[in-house]
Amino acid sequence: MQRAIQGPPPGFDDLTVHEQIEYVQALWERIAAREDEVPVPEWHKAELDRRLAEVEAAPDAGRSWEQVEADLRTRLSTRR
């Protein structure tokens, strides 16, 4: 039986936005620590299969992480 989702715990709304984000991150880390219990929807699996097939069909079509990171750093440094 599923329980109804309640609102945030008492005092949550009194936290700063930064503290709320840290709280939510801590909750997620507790959930992620039990990864074998986290359900993966079939559509996620299908999307991963589709993307893997795309990469395997054209392995040179993308860019390396290093190239993407360099481009992002250049873009961000010119916005100052």
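This is a predicted model: local features need pLDDT of at least 70, side-chain atom pairs count only at pLDDT 80 or more; totals for chains, interfaces and linings use all residues.

A salt bridge is a side-chain nitrogen of Lys or Arg within 4 Å of a carboxyl oxygen of Asp or Glu. Keep that in mind, because Arg34 and Glu37 form one, with their closest N and O atoms 3.5 Å apart, inside the 4 Å limit.

**Salt bridges**
- In total, the structure holds 7 salt bridges.
- Take Arg34 and Glu37 again: Arg34 is partly exposed, at 44% relative accessible area, while Glu37 counts as exposed, at 54%.
- Lys45 and Glu42 also pair up, at 3.4 Å from N to O.
- Those two sit 3 residues apart in helix α2, so about one helical turn separates Lys45 from Glu42.
- Here's the general idea: an α-helix has 3.6 residues a turn, so residues three or four places apart point the same way.
- Lys45 is partly exposed, with a relative accessible area of 39%, and Glu42 is exposed, at 58%.
- Arg50 bridges to Glu47, and their closest N and O atoms are 2.6 Å apart.
- Arg50 and Glu47 are also 3 residues apart in helix α2, which puts about one helical turn between them.
- Salt bridges with shared partners link Glu47, Arg50, Arg51 and Glu54 into one network.
- Both Arg50, at 42% relative accessibility, and Glu47, at 24%, count as partly exposed.

**Helix α2**
- How many of the 16 residues of α2 are buried? The count is 0, so this helix is hardly covered, given that buried means under 20% relative accessible area.

- Phe12 lies in the segment before α1.
- Is Phe12 buried or exposed? Phe12 has a relative accessible area of 14%, so it's buried.
- Setting aside neighbours within four places in sequence, Phe12 touches Gln20, Tyr23 and Val24.
- Phe12 and Glu22 are 10 residues apart in sequence, and their C-alpha atoms are 11 Å apart in space.

**A nonpolar patch**
- Leu15, Tyr23, Val24 and Leu27 make a nonpolar surface patch of about 310 Å².
- Leu27 belongs to helix α1 (residues 17-32), and its 39% relative accessibility makes Leu27 partly exposed.

Definitions and conventions. Residues are numbered from 1 along each chain as its sequence is written. Side-chain values use heavy atoms; hydrogens and water are left out. Patches are made of residues with over 30% relative accessible area and no salt bridge: like charges are joined within 9 Å, nonpolar side chains (Val, Leu, Ile, Met, Phe, Trp, Tyr) within 5 Å. Accessible areas come from the Shrake-Rupley method with a 1.4 Å probe; for residues, only the protein chains shown count as cover. Helices (H or I, at least four residues) and strands (E, at least two) are DSSP runs, numbered from the N terminus. Buried means under 20% relative accessible area, exposed over 50%, partly exposed in between (1.4 Å probe, protein chains only). Contact means heavy atoms within 4.5 Å.
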